[in-house]
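Subject: Handover of a structure and summary of findings

Dear colleague,

Please find below the structure that I am handing over to you. My notes on what was found in it follow directly after it.

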Amino acid sequence: MKVQYTNRLAKENSPYLLQHAHNPVDWYPWGEEALQKAKDENKVILVSIGYAACHWCHVMERESFENEEIAKIMNEFFICIKVDREERPDIDKIYMDAVQLMTGSGGWPLNCFAMPDGKPFFGGTYFRPNDWVGVLRGIQNAWLSEKDKVENVAVQISEGVRSNELIEVKSDAKLFDVDDLKLGYENWQKEFDKLEGGNNHAPKFPLPGSLQFLLRYYHASKDQSALDHVVLTLDKMAAGGIFDQIGGGFARYSVDKIWKVPHFEKMLYDNAQLVSLYAEAFSLTKIPEYKRVIEETLDFIDRELSLPNGGFYSSLDADSEGVEGKFYVWEKSEIESVLKEDAEWFCEYFGITEKANWEEGNILMISADKKELATKLGITTEQFDEKIKNASDKLLLKREERIRPGLDDKALTS
């Protein structure tokens, strides 16, 4: 296929950078060439950071970075640098810290404007096309007419980023004890969602490191409420749409408070941490559902994120055929055509309806009591588990016929 534009990213290895290699934007990879050009031409640097599986990165690319008129403004006034955050976490951290200092929040795509020497002075995440054009023109006007102000802001932001990195060394080092942990736990408790687990807001991230802390806090303090919150959260996630009920593995986060609608990208690092968390929780509680989650997640990693010669791929995209979640959702009629006489109980168990429970189709989440449904079918829960496994295997086979989400096939070694 003949392409109209090719920029310097075409020579890169990162799948994320290669996704932008044919944008009309004159992208540079992070490096001496771009930084020197900014200094030589006294131009503002735009550092745009994302990763291959990032849905909103794709949206901004489609809306703005593939738009010739917008690209023309970017090329004329800025030195535009694209960064894969997984390839360069060091660069991502600097500019993420800066944007969080400026705006109070962060995320990807991360778009940060910097002085010719790389010092950041303005930034944000996703911008709609009209807003993005306004930002580009506003930054350029400020650079031409109020350069002193821009430089002052850059100095202040850089000082803020630098002070964030400082660790104050105290002469009288105080050892942590359980009371210190208790204070932190009690402060955090105020944010717990007592019904659905996790923190009491949307979107909901699994936060495996934090939940592991709670397991260890329980071990040290024997505070049952800490363990109860972990169990509630792990139960709800395992039953929710954030867990791929057909193929195993977790999506990055849920957009709602009930773990139903995931942001469908699947990241290696999330799943690695969640396997460790569920394994630690299983060793403590012996809850059989956790064993299922661990096994199915490791099966997913083995099947979809493992290199043939060892090592692991980085992530799977949220989108396929340009639609978020299309690979993972189902119409009821599809389930019926695959499972035949097993479709009715399967649909009841996973909340699958004719109307569909989400705008793009049915997201599978456990919606009925297993014991009650098994009794209704006149079988044991063990036999019911076997039926679910057989039905899921059939649907997984059917799902493999679909167009797959993009794979970020870089293997990170550190």
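A residue is called buried when its relative accessible area is under 20%, exposed when that area is over 50%, and partly exposed in between, with a 1.4 Å probe and protein chains only. Helices (H or I, at least four residues) and strands (E, at least two) are DSSP runs, numbered from the N terminus.

Please note that this is a predicted model, in which local features need pLDDT of at least 70 and side-chain atom pairs count only at pLDDT 80 or more, while totals for chains, interfaces and linings use all residues. Residues are numbered from 1 along each chain as its sequence is written, and side-chain values use heavy atoms, with hydrogens and water left out.

The chain as a whole

The chain holds 16 helices and twelve strands. Its C-alpha trace spans about 80 × 65 × 40 Å along the principal axes. Of its 414 residues, 48% count as buried. A contact means heavy atoms within 4.5 Å. Among contacts in the chain with a separation of 6 or more, 65% are between residues 24 or more positions apart.

Strands of a sheet pair through backbone hydrogen bonds, either parallel or antiparallel. Two strands are taken as paired if DSSP finds at least two bridges between them. E2 runs parallel to strand E3 (residues 78–84), to which seven bridges join it; here Val44 stands opposite Phe78. E2 is also joined by five bridges to strand E4 (residues 110–114), and these two run antiparallel. In that pairing, Leu46 stands opposite Phe113.

The nonpolar cores

A nonpolar core is a set of buried Ala, Val, Leu, Ile, Met, Phe, Trp, Tyr and Cys residues joined through side-chain atoms within 4.5 Å. The largest such core has 34 residues, of which Met74, Phe113, Phe121, Trp132 and Leu136 touch the most other members. The elements giving two or more residues to this core are helix H1 (15–19), E2, helix H3 (55–65), helix H4 (68–77), E3, helix H6 (129–145) and helix H7 (147–165). H6 gives the most, with six residues.

Which residues does Leu136 touch, not counting those up to four places away in sequence? They are Ile70, Ile73, Met74, Phe78 and Phe113. There is also a second, separate core of 28 residues, which includes Leu227, Val230, Leu234 and Tyr290.

The cysteines

A disulfide is a pair of cysteine sulfur atoms within 2.5 Å, and by this rule the count comes to one. It joins Cys54 to Cys57, with 2.3 Å from S to S. The link is right-handed, with 80° about the S-S bond. Cys54 is buried, at a relative accessible area of 3%, and Cys57 is buried at 2%. Cys112, by contrast, is in no disulfide; the nearest cysteine sulfur, that of Cys80, is 13 Å away. Cys112 is buried, at 0% relative accessibility.

Helix H16

Helix H16 (residues 381–399) has 19 residues and reaches 26 Å from its first C-alpha to its last. This is close to the 27 Å expected at 1.5 Å a residue, where the expected span is 1.5 Å times one less than the number of residues.

The buried residues of H16 are Phe384, Ile388, Ala391, Ser392, Leu395, Leu396 and Arg399. Seen down the helix axis, they fall within an arc of 145°, so they line one face of H16; the arc is that of the directions from the helix axis to the C-beta atoms. The face turned away from this buried side carries the exposed residues Glu382 and Leu397. What covers the buried residues includes helix H12 (288–304), helix H13 (332–339), helix H14 (343–350) and helix H15 (370–377).

A three-stranded sheet

Finally, an open sheet of three strands has the order E8-E9-E12, with antiparallel pairing. Strand E8 (266–267) and strand E12 (407–408) stand at the edges, each with a single partner strand, so one side of each is left without a neighbour in the sheet. Strand E9 (residues 315–316) pairs with E12 over two bridges, and Ser315 stands opposite Asp408 in E12.
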